[in-house]
Amino acid sequence: MLTQINVSVPNNSRVVAERERLLRNPQRFENVALRSEPYVYYIINQLRKNNLPVELALIPLIESAYDPLATSPAQAAGLWQFVPITAKEYGLINSNTFDGRRDLIASTGSAISLLQNLNNRFNGDWLLTLAAYNAGEGRVRRAIEKNKEKGLPTSYWSLELPQETMQYVPKILAIIDIVKNNKRYGIKLPDCNYQNSLVRIDMSKNISLAKIAKYTGLSLNDLMTYNAGYLQQTVSGPFHLLVPYSHAENLFKKLKKENLVTNKVTELLEDVPHKSMPFEIKSTTTTTIQYSTVSTKETETVLKNGKKQITYQVKAGDNLYSIAKNYRVKITDLLQWNKLKNGRVKEGDVLKIKLVNSNPI
């Protein structure tokens with residue numbers, strides 16, 4: 001089951017150049033990372049559900065700086081920057097009232113389908129997949145064929161591609177490295193707060209975002225950003241309203257009194273714990289990179305004896321041995337702390353881990 005991009009981050013000149021450029025303005029990097037807060041939980045959850053590398057959540061960081069209202073000179077739009085022809089191919093509705101490219105739910109579903117298709121076509125090579133996401137499948141294939149004719153290697157690093165694409169993949173790898181080693185580079189990552197993550201309220205009738213703003217105290221600008229798919233500032237088809245979790249319950253009660261909602265508030269994370277920080281990255285025992293979907297910082301508590309305890313959600317491929325090694329604890333302690341009768345754990349299980357004298361690797 002694929003949960004990570006199985007590639008080391010090379011320290012070649014292209015990655016180094018992108019990393020140095022990003023680190024020249026650490027404040028901008030931190031601001032864009034913080035802007036991802038309402039959306040990134042849902043995106044990471046969808047990537048995990050589809051067995052895709054969660055590092056792909058970095059694509060909107062580069063494509064749109066996590067701004068659903070972003071539009072490029074080539075008319076690419078939304079978090080994932082779909083151009084009109086690709087949006088149509090992947091079923092994203094575009095009418096006078098709704099643009100699916102700007103809708104978190106619709107665009108993320110289509111982006112995942114696109115990434116899955118590209119990765120299948122490039123035989124599981126994620127660097128070629130990312131290059132094709134940026135430049136188009138045809139452009140990458142032509143570059144591969146050109147190298148084949150010359151007897152040259154056909155890996156991403158060997159291809160002659162548009163300048164933007166030559167920088168695109170190194171930039172993603174540089175960001176993975178920066179996030180993984182943020183303390184070394186002096187980057188403060190956001191403590192992503194679930195209270196700010198978006199949830200869905202299904203409406204039964206049209207309602208203006210201005211009215212929602214009055215009900216919630218949220219600014220109209222914020223609501224327009226969260227619900228960027230609605231081009232007329234009115235919630236119509238597909239009739240889902242996205243608001244931060246912290247505002248949802250009170251808003252739902254007010255809307256229910258007016259018979260404007262169809263059912264309960266729908267949390268977009270389903271079975272994922274609320275306390276998580278998607279920007280926490282850990283390295284495995286090899287040089288592969290993966291995201292940790294439960295943050296030791298967010299879930300950390302201090303016990304009466306002064307020791308620290310965290311909760312950890314088991315990921316695909318985890319076992320008690322790997323977890324114990326990462327957190328420098330004994331397998332027997334894991335069994336005792338979690339009252340496990342055997343050493344079997346499965347994806348989604350939540351474990352208590354008491355940190356003794358060291359931090360997790």
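# A tour of two helix pairs

Select helix α11 (residues 209-216) and helix α13 (residues 245-257): their axes come within 10 Å and cross at roughly 115°. Axes here are lines fitted to C-alpha atoms, for helices over the stretch in contact, with angles from 0 to 180 degrees between N-to-C directions. This is a predicted model, in which local features need pLDDT of at least 70 and side-chain atom pairs count only at pLDDT 80 or more, while totals for chains, interfaces and linings use all residues. Residues are numbered from 1 along each chain as its sequence is written, and side-chain values use heavy atoms, leaving out hydrogens and water.

α11 and α13 are therefore roughly perpendicular to each other (a term for angles of 65 to 115 degrees).

Next, show the side chains. Ile-212, Tyr-215 and Thr-216 in α11 meet His-247, Leu-251, Lys-254 and Leu-255 in α13, where contact means heavy atoms within 4.5 Å. By class, these residues are 4 nonpolar, 2 polar and 1 charged (Ala, Val, Leu, Ile, Met, Phe, Trp, Tyr, Cys and Pro count as nonpolar, Asp, Glu, Lys and Arg as charged, the others, Gly among them, as polar).

Now select helix α2 (residues 26-35) and helix α3 (residues 37-49), whose axes come within 5 Å and cross at roughly 65°. Ala-33, Leu-34 and Arg-35 of α2 make the contact with Glu-37, Pro-38 and Tyr-39 of α3. This contact has 4 nonpolar, no polar and 2 charged residues.

Finally, show the whole chain. It has 15 helices and 10 strands (DSSP runs, H or I of at least four residues for helices and E of at least two for strands, numbered from the N terminus). Of its 361 residues, 49% count as buried, meaning under 20% relative accessible area with a 1.4 Å probe, protein chains only.

Terms used:
Angles under 35 degrees count as roughly parallel, over 145 as roughly antiparallel, 65 to 115 as roughly perpendicular and the rest as oblique. Buried means under 20% relative accessible area, exposed over 50%, partly exposed in between (1.4 Å probe, protein chains only).
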